Amino acid sequence: MAIAKMKLINIVADNEYLDEVLARFIELDDFHPEPASKLAGTLHGLTTLYYENPYLKMLNRIREIEADMGLKIDKREVDVQQCDLDRISRFIERTHDKFDQIDSNMKEIKLLIQEDEDALKQVKNIETLDISLDDLFSCRYLNSRVGRLPLDSEEKLRFYTNRPFIWNSFSRDSNYSWGIYITSQEYEREVDNVFSSLYFERIHIPDFVHGTPEEAEENLEQEIASLKKDLKKLEESKKELLERTRDRYSIFTSVLEHVSKIFEARKFVIGLGGRFSITGFMAKDDIPGLEKKFEDLKDVEIEVRPATNDKRLTPPTKLKNGWFSEPFGMFVEMYGVANYKDIDPTPFVALTYTLLFGIMFGDVGQGLVLALLGWLMYKFKGMKLGAVGIRIGISSAIFGLLYGSVFGNEHLLDPFFINVLGLPGKPIHTMDPGFTMTLLLSAIAIGAVLIITTIGINIYINYKRNHIVEMLLSHNGVAGIVLYTFAIGGAGLMLSGIANLFNPVTLTLFVGLPLLLMFLKEPLERRVHSEKMFPNGFGGFFTEAFFELFEIILSYITNTMSYMRVAGFVLSHAGMMLVVSSLMEMTGNAGPVVFVFGNLFVMALEGLIVGIQVLRLEFYEMFSRYYTGDGIPFKSLKETL
């Protein structure tokens, strides 16, 4: 449960082995490569070997064609370092052109079928008209319009008997009268206007429809059948083409992706005249696997150095956590990645988050339901939040057992405590008014322990970083922990009536001296670095440092009081479940429904709020004291390419 020990790795070989080395290099999933551009400009003679990827354009083209053709290909494992781009290009363009031709013909036939089907619909509406459409529409002095007229509008035609037109209806349905009106060219516009005002809907008969409606209908049906037969042949040809080319496209895509990755890996290659070098970081335990990868290439050298050997590079952070704490890494990553020289806070976060959530959301039934939901989320969706839910759900159930609460019922477990465990009742009575003060003081005590612990972690981190002044004089250092421990411990002993530690001597040693050291921290730090202690004068320093010190004292108090929210949510949870129980009694037969939905409501609402509040305590009350999150995350080569 720590940060993996890193080593700086250099892979060095002659240029003739470049492609072979890169082909194996891209298979590494535990190597954090450093871009060549970061190193090449720092020393004369070093160059980068990367230029425009010649395979990327063809790879993008083949993907476009695959999408256009609707090809679903299977990826394959290939072992090549070069490929014939011209050959691939000729094949895919030739097959794509053939596909386009087939597809274009299919679209054209579909369009013809659609036109014929539309015409057939129109013709079916006038199939009782026993007149040749060619004769009807070729009249020199008469104009005709075929269409439909609403039945109520047809009745209104009697008001226009003085107008020069003939209306002939040849079929009717429940809403429309299908027919034709004929008029002379002289009165065409006037008559068209009349029928338009009566909501006449014209049917446009295409020019390619000939003969009587009955004959036209027969011809159209024959033509549609013939076109559909041609379309089916084209569909079979298209399917055959796709089946025939899918295997080749699959191979070409896999090859192009592979050689493209090999070429992209050149971003991490530095040229050294006739030799090249690849630099990166690996966990110490993974190095034997790297050496085995290249053991048969005798001219390839693997140089292993300390992680901090090259001052130009910052070692990345690779976390190693156990099964319990690993899911909580998501919370740590939200804040930032741990610095390589620091410690991994994930185990501490896992422990404190689980305990605080359990205390604030203690209920046996709801905790077990939460754990079950978390298990389902993790099992079937692979969600890390689900794994977190399992842990905090079990914690809630454990504390719920101490509170004697099962789905809000505060007395269901009384027989278990009395008859089985031999206790007078449940260990913790959260709803007892006499317990409220104890609960508040306990929450403050928990906060004090966590604050002292986080200050201790910060002292250790600064010791590792060799920041001695920060370690000793900071409010999150030795001076701070002495002041805070004495103040909180002395207050606790005095309130409990055990002892009074506050006297002139102890106040001078454990309060006055730490405050003075924190007050003089910045000048003393400048002095250690051989700088002027008061570059802007003592007056300006005194004013600024005084208010900073005052703010530090206030932060100790407010940070400690912030943990009272732990007690607040214990009472809040018990209070909300008491409301649910009261509603169950009031609703009678609807009690079970209230029970189910009440518990679901409390779990959803308060569970979310408690989760957020615990996360707030982690970030603002704990991380702010010891964790910066300014590290570089370990990214394997597969994640980088």
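**View 1. An open sheet of 4 strands, in the order E6-E7-E5-E8, with antiparallel pairing.** Its edge strands are E6 (165-172) and E8 (201-202), and each of these pairs on one side only. Strands here are DSSP E runs of at least two residues, helices are H or I runs of at least four, and both are numbered from the N terminus; two strands pair if DSSP finds at least two bridges between them. As a reminder, strands of a sheet pair through backbone hydrogen bonds, either parallel or antiparallel. The model you are looking at is predicted: local features need pLDDT of at least 70 and side-chain atom pairs count only at pLDDT 80 or more, while totals for chains, interfaces and linings use all residues. Residues are numbered from 1 along each chain as its sequence is written, and side-chain values use heavy atoms, with hydrogens and water left out.

**View 2. Strands E5 and E7 side by side, with helix H7 lying across.** E5 (residues 142-150) and E7 (residues 176-184) are joined by 9 bridges in the antiparallel sense. To find your place, look for Arg145, whose bridge partner in E7 is Tyr181. Helix H7 (residues 188-197) lies across E5, E6 and E7 and runs at about 160 degrees to E7. That angle is taken between N-to-C directions on a scale from 0 to 180 degrees, using axes fitted to C-alpha atoms, for helices over the stretch in contact (heavy atoms within 4.5 Å).

**View 3. Arg63 and Glu257 meet in a salt bridge.** The N to O distance is 2.9 Å; a salt bridge means a side-chain nitrogen of Lys or Arg within 4 Å of a carboxyl oxygen of Asp or Glu. Arg63 sits in helix H3 (residues 56-69) and Glu257 in helix H8 (residues 213-264), so this pair ties together parts that are 194 residues apart in sequence. Arg63 is partly exposed at 37% relative accessibility, whereas Glu257 is buried at 19% (buried is under 20% relative accessible area, exposed over 50%, partly exposed in between, with a 1.4 Å probe and protein chains only).

**View 4. Asp310 and Arg312 form a salt bridge.** Their closest N and O atoms are 2.8 Å apart. Asp310 is buried, with 15% relative accessibility, and Arg312 is partly exposed, with 42%.

**View 5. Arg616 pairs with Glu621 in a salt bridge.** Here the closest N and O atoms are 3.0 Å apart. Glu621 is buried at 4% relative accessibility, while Arg616 is partly exposed at 29%. Elsewhere, salt bridges that share partners join Asp14, Arg275 and Glu301 into one network. The count of salt bridges comes to 30.
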